[in-house]
Amino acid sequence: PDVIRLPRIEKIIPEYSNEGVSCYQCIVINFTSPMLQSELSDFSNIEIINSRNVPITEYFNNPILSEDGKTLSIFPIHSKIKTLVSDSSVYDITVVISSNLHENKKNPEPFEEYTHTYTIGEDKDKPLAEIKKIYMN
């Protein structure tokens with residue numbers, strides 16, 4: 001019998017850390033199969049919230065889906081995101097991926113909602129070039 005592999009999220013970075021990661025860090029979501037660009041070009045199927053369930057998508061640029069449709073990148077708006085973290089605190093961010101997403105194929109399989117939480121910390125002054133080097137390789 002044929003095995004049907006449901007589309008899912010393979011990995012999301014940044015991973016959770018008690019100390020927090022740089023607030024300038026890009027969110028990278030890897031899918032197991034190509035997804036539809038039209039469903040990931042804005043925040044209609046992705047929610048970014050703080051620990052009080054308040055939406056904070058205005059702190060991020062619109063998502064960018066890779067050419068192969070398997071990697072989604074969400075870059076923070078640097079001038080805004082740094083205001084969320086003081087030098088002595090960390091700030092939880094939760095990314096919720098909607099179950100309304102579909103694979104980029106004729107008969108798409110269902111997608112399960114996925115939630116991922118990470119923490120940004122006081123690493124506000126890390127040079128942008130260093131952050132890009134980590135995530136663009």
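**Close-up views of a predicted protein chain**

In the protein chain, 65% of the contacts with a separation of 6 or more join residues 24 or more positions apart, a contact being a case of heavy atoms within 4.5 Å. The model is predicted, so that local features need pLDDT of at least 70 and side-chain atom pairs count only at pLDDT 80 or more, whereas totals for chains, interfaces and linings use all residues. Residues are numbered from 1 along each chain as its sequence is written, and side-chain values use heavy atoms, with hydrogens and water left out.

**View 1. An open sheet is formed by 4 strands in the order β1-β2-β5-β4.** The pairing in this sheet is antiparallel, and its edge strands, β1 (9-13) and β4 (64-65), each pair on one side only. Two strands are taken to pair if DSSP finds at least two bridges between them; β4 and β5 (residues 71-74) are joined by 2 bridges and run antiparallel. Within this pairing, L65 has L72 of β5 as its bridge partner. In general, the strands of a sheet pair through backbone hydrogen bonds, in either a parallel or an antiparallel manner.

**View 2. C23 and C26 are both buried.** The relative accessible area of C23 is 2%, and that of C26 is 3%. The structure holds 0 disulfides, a disulfide being a pair of cysteine sulfur atoms within 2.5 Å.

**View 3. N45 is a buried residue in the loop between β2 (27-31) and β3 (46-50).** N45 counts as buried because its relative accessible area is 10%. The side chain of N45 reaches the backbone oxygen of E39 at 3.0 Å. When neighbours within four places in sequence are left aside, N45 is in contact with E39, V96, I97, S98, N100 and L101.

Technical notes. Buried < 20%, exposed > 50% of the residue type's maximum accessible area, 1.4 Å probe, protein only. Polar contact = N/O pair within 3.5 Å; in protein donor to acceptor, adjacent residues only side chain to side chain.
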